[in-house]
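Let us walk through a structure together, one piece at a time. Keep the sequence and the 3D view side by side as you read.

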Amino acid sequence: MVVVLREKIGNLFRRQGPPETQHPFWAMVQKEAMDHINSWRFMILLGLMLLITVASLSTAISSLQGAIAEDTATSFVFLKLFTATDGSLPPFITFISLLGPIIGIALGFDAINSERSRGTLSRLLAQPIPRDYIINAKFVAALLIIAFMMMILGLLMVGSGILTTGIPPTPEEVWRVFFFLLISIVYIGVWLNLAIMFSIKFKQAATSALSGLAVWLFFSLFFTMIINIIVESTAPAQVTDINELISYQGFVQNLLRISPSQLFSEATTTLLVPTIRTLGPITMEQASYAIAGPLPLGQSLLLVWPQLICLVAAAFIIFGISYVLFMKQEVRSRS
Amino acid sequence: MPQRWQKTAFFFMLLCLIGGILFPVVPALASGKVMLFTEYPGIAVTPGESINYSIRLINSSNSIQHVALQIAEQPEGWETNLTAGGWSINQLSVRPQSEESFNLQTEVPLQVEKGSYHFVLRASGSGSTSTLPITIDVTQQGTFKTELESDQPNMQGNADSAFNYDLTLKNRTADEQLYALSAAAPRGWNVDFLVSGQKVTSVKVEANTAQKISVTIAPPSEIEAGNYLIPVKAQAGSFSAETELEVNITGTYRMELGTPTGRLSTELNAGREKMIELQINNTGSSELEKIKLSNTAPVDWEVRFEPGTIDSLLPAESATVNVYIKSSGKAISGDYVVGIKAQTAEVADNADFRVTVKTSALWGWVGILLIALVAAGIYYLFRKFGRQ
């Protein structure tokens, strides 16, 4: 069963046509992707994600009835599948925010150092291909796998949503889900790049994996605690000016936004809950005569545009660092 | 002196003799045979009135008198009749030393000149005759026509109300008449005639009686304020009567505020200004004067009108006003309500606009620029390290 599934998924990545016309870079990407798909690691990750999907879907559907009832005016029923919860389990977006980094780290932590420890890196470099093809191909292959996995999960959510609720999604909902999946891919891509960077930096795969997990743990557990400590020590004792309070609130929010998961959850929550109009504090002046209503997709995207830019830029910058590290690294043959 | 006394006695006797020859009635009455008597020999009446005169015939003799009764003289055109005991009579018998009553019935004609009219009644018994002159004064000029009148011919109300008038139709002709009722109302008016609660177009009135008629007048709803005269007419053959009912319409004040397209929503970027065309319709029937425009907008928003006031707006006309809405630069994206109110001293209307604030896409482009810079950096790294 597993073998058949692997074959099938592998076929998706196998390029059709004669191999000699294939560009060497894409041949490498294909080989890397096939390696991932044929690994037990991928199957475990896919199983884990499927489990998450089923769990969050069940918790969403059980609470969907109440969620529909409480806001009839702006019923983006379909998006509730991703955000609603009955309290027993976190919703889908929280799962992705929490466990997405694991996928990225798992697919990237041994990208370079396993080749190095197996001694295949020098052999690869002996091939008549540019050196950066190796790291680029590894990154692109892993990102393709992530994109593939996220799209499967997203379609699974949408499909089972249609089956259980009987409501087809509106075009706007489809776009919002699409952008959510895109942001998820970028978010996981950030962690993938981080893991690749560690795999270049550390010779041992275990060290690299542990470093990745340490960063993940830091941001998901300790980061908010540290921010809380900072807030307690720096909060103004007496509020004399409303603008002072607002700017302090903005400062704390910006501190929190150092964490990629904070950026990710802000971006995805805004996209999947169209009634969110702003992420910062609202003054009474701004709230006067405002009507609660969903934002159009373009406005929601504009609202989270900085978060998106930050995530993409973080991915690019970490990739750039790993690229420079890899290109400057000495590779000795071990034979 | 004695001669003088004789002379006076002679003259007195002569006077008595002459009196006896000249006034034979007086001696006849005095002779005590039959005599006609009534208490009211002179009465005053109005045209159309029925008179039932009670007259007594007195027999002062000692024998039964058979008396022939006759109206010796009467005005032309008056119908008279002598009755007693339910019959029409021309003879009456009276027991000795007794009296008997009979009636003279007559009707004053409707068409009669004002003045005095004389009747002479003659009773001729065996050997004695008695006459009774009766004078009837007609105090009014008699008519022979139909009258239509209203106690309250003027009413006031607005264009939406119904006006109810009470008319009295008097048939002062000799015959029963069937009157056709009509009203010469302008187009759009609705006039109904009601008799005992039923809508009618004609009414039957007996001779010399009156009939109450209700008239309900409903003006057109879009009518202008002012005085309107509605002539109503009752016609039966050559007889007709007409009266005018006055309706005083007070104007209604109604105003509608909207946009020419009917759309009450707009979009604008935060901190930017947008013009919306407003339309004010005068849907009432009076001229609206000094229409002022005001607004309820979120804090730090600017709303101005051009023109700020409309001096005058005639009924069924509309005016356009440009309203410029400028949102606060701090407005968050999403929907806001901007209420706009138009009011005069009499009436007001308001319209709520749903204004969707959009954030400027400028920062979006800045973000894209940042990404482009980072991508350029990566490309630089590719060039520097990649293809050595």
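In chain B, strands S4 and S7 run antiparallel and are joined by 4 bridges. Two strands count as paired here if DSSP finds at least two bridges between them. Helices (H or I, at least four residues) and strands (E, at least two) are DSSP runs, numbered from the N terminus. Along this pair, B:Ala68 faces B:Gln91 of S7(B).

Before going on, a word on what you are looking at: this is a predicted model, in which local features need pLDDT of at least 70 and side-chain atom pairs count only at pLDDT 80 or more, while totals for chains, interfaces and linings use all residues. Residues are numbered from 1 along each chain as its sequence is written, and chains are lettered from A and ligands numbered from 1 in the order in which they are written.

Strand S4 of chain B (residues 65-73) also has a partner in strand S9 of chain B (residues 115-124), with 5 bridges in the antiparallel sense. Here B:Leu69 sits opposite B:Ala123, and B:Gln70 sits opposite B:Arg122. Strands of a sheet pair through backbone hydrogen bonds, in either a parallel or an antiparallel way.

Now step back to see the whole sheet. Its 5 strands follow the order S2-S10-S9-S4-S7 in chain B, forming an open sheet with mixed pairing. Strands S2 (42-45) and S7 (91-94) of chain B are at the edges with a single partner strand each, so one side of each has no neighbour in the sheet. From one strand to the next, the twist averages 30 degrees.

Where does B:Trp87 belong? B:Trp87 lies in strand S6 of chain B (residues 87-88). Is B:Trp87 buried or exposed? B:Trp87 is exposed, because 9 other C-beta atoms lie within 10 Å. A residue is buried if that count is 20 or more, exposed if it is 12 or fewer, and partly exposed in between, with C-beta atoms placed from the backbone. The C-alpha atoms of B:Trp87 and B:Phe102 are 9.8 Å apart, although 15 residues separate the two along the chain.

Chain B as a whole has 3 helices and 29 strands. Of its 388 residues, 23% are buried. Two residues are in contact if their C-beta atoms, placed from the backbone, lie within 7 Å. Among the contacts in chain B with a separation of 6 or more, 70% link residues 24 or more positions apart.

Turn next to chain A, where the axes of helix H9 (residues 171-201) and helix H12 (residues 260-272) come within 9 Å and cross at roughly 175 degrees. Axes are lines fitted to C-alpha atoms, for helices over the stretch in contact, and angles run from 0 to 180 degrees between N-to-C directions. The crossing makes H9(A) roughly antiparallel to H12(A), a term for angles over 145 degrees. Residues making the contact include A:Phe179 and A:Tyr187 of H9(A) and A:Phe264 and A:Leu271 of H12(A).

Finally, see how the chains meet: 28 residues of chain A are in contact with 30 residues of chain B. On the side of chain A that touches chain B, the largest share, 12 residues, comes from H15(A). Strand S1(A) is joined to strand S28 of chain B (residues 334-343) by 2 bridges, and these strands run antiparallel. There, A:Ile291 has B:Asp335 as its bridge partner.

Terms used. Angles under 35 degrees count as roughly parallel, over 145 as roughly antiparallel, 65 to 115 as roughly perpendicular and the rest as oblique.
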